[in-house]
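These are my notebook entries on one model. I set down what I looked up, entry by entry.

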Amino acid sequence: LQTLNGKQAEGFARFRHDEEGDIGRIRRQQILLKAIEKKLTDPWLVIRLPQLVGMMQQYVDTNLNPDEITALATFSLTLKPNSVKTLTLPGRPSDDYEFNTSYWIVDPEDAARIVSGNFQTGS
């Protein structure tokens, strides 16, 4: 078990220079999101929410106003543990000649099949 500060967490989530490349980076991002989800259940967070929103605004560029951020944070507190689901769609890394930067290329049919099998859709 390790506790990371913000800079370390960012480095952990953005690192991609291992044998898995972008897929390894995606997995690390999912691990980080699960750790954040777990932290959101801490009662300490509710008490300090306004202060945390104010602090966050110094470091996050967003068009959300403080009330909207607080509403989203409050909503996140209502989520049940392990209710956030993460998936990595099957695909392949782009080749160097395809784009100026790296992309994960997903087959649209595979994506549609996985989304319909894992998420409720409809009205």
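**Entry 1: helix 4 and its cover**

I first looked up what covers the buried residues of helix 4, and the cover includes helix 3 (43-57). I take helices (H or I, at least four residues) and strands (E, at least two) as DSSP runs, numbered from the N terminus. Contact means heavy atoms within 4.5 Å. Buried means under 20% relative accessible area, exposed over 50%, and partly exposed in between (1.4 Å probe, protein chains only).

The model is predicted: local features need pLDDT of at least 70, side-chain atom pairs count only at pLDDT 80 or more, and totals for chains, interfaces and linings use all residues. Residues are numbered from 1 along each chain as its sequence is written, and side-chain values use heavy atoms, with hydrogens and water left out.

Which residues of helix 4 are buried? I noted Ile69, Ala73 and Ser76. They cover an arc of only 55° around the axis, which puts them on the same side of helix 4. The arc is that of the directions from the helix axis to the C-beta atoms. On the other side of helix 4, I found Asp67 and Phe75 exposed.

I then checked the span of helix 4. Its 12 residues (66-77) should span 16 Å at 1.5 Å a residue, and the end C-alpha atoms are 17 Å apart, which agrees. The expected span of a helix is 1.5 Å times one less than its number of residues.

I looked at the N-terminal end of helix 4, which asparagine 65 caps: a side-chain oxygen lies 2.9 Å from the backbone nitrogen of aspartate 67. Threonine 62 sits in the loop between helix 3 and helix 4. Its relative accessible area is 34%, so threonine 62 is partly exposed. The side chain of threonine 62 reaches the backbone nitrogen of leucine 64 at 3.1 Å. A polar contact is a pair of N or O atoms within 3.5 Å; within protein, one must be able to donate a hydrogen and the other to accept it, and residues adjacent in sequence count only if both atoms are side-chain atoms.

**Entry 2: helix 2 and glutamine 30**

Helix 2 has 19 residues and reaches 27 Å from its first C-alpha to its last, close to the 27 Å expected at 1.5 Å a residue. I listed its buried residues as Gly21, Asp22, Ile23, Gly24, Arg28, Gln30 and Glu37. The buried residues of helix 2 pack against helix 1 and strand 2.

Is glutamine 30 buried or exposed? Glutamine 30 is buried, because its relative accessible area is 17%. Not counting residues up to four places away in sequence, glutamine 30 touches Thr86, Leu87 and Thr88.

I placed alanine 9 in helix 1. Alanine 9 is buried, with a relative accessible area of 15%. Leaving out residues up to four places away in sequence, alanine 9 touches Leu4 and Leu32. Alanine 9 and glutamine 51 are 42 residues apart in sequence and 21 Å apart in space, C-alpha to C-alpha.

**Entry 3: the loop between strand 1 and strand 2**

I looked up two residues in this loop. Serine 94 is found between strand 1 and strand 2, and at 13% relative accessibility serine 94 counts as buried. Leaving aside neighbours within four places in sequence, serine 94 is in contact with Phe99, Thr101, Ser102, Tyr103 and Ile105.

Threonine 101 lies in the loop between strand 1 (91-93) and strand 2 (104-106). At 46% relative accessibility, threonine 101 counts as partly exposed. The C-alpha atoms of threonine 101 and glutamine 29 are separated by 19 Å, and the two residues are 72 residues apart along the chain.

**Entry 4: the largest pocket**

What is the volume of the largest pocket? I recorded about 1,500 Å³. The elements that give two or more residues to its lining are helix 1 (6-14), helix 2 (21-39), helix 3 and helix 4. Helix 3 gives the most to the lining, with 7 residues. The pocket is lined by 31 residues, of which Leu32, Ala35, Ile36, Lys39 and Leu40 lie nearest its centre.

On a 1 Å grid over the protein atoms alone, a pocket is an open set of points where a 1.4 Å probe fits, with protein on both sides within 12 Å along at least five of seven lines; lining residues have an atom within 4 Å of a point. Grid points are joined across faces, edges and corners, and a volume is the space filled by probe spheres set on the points.
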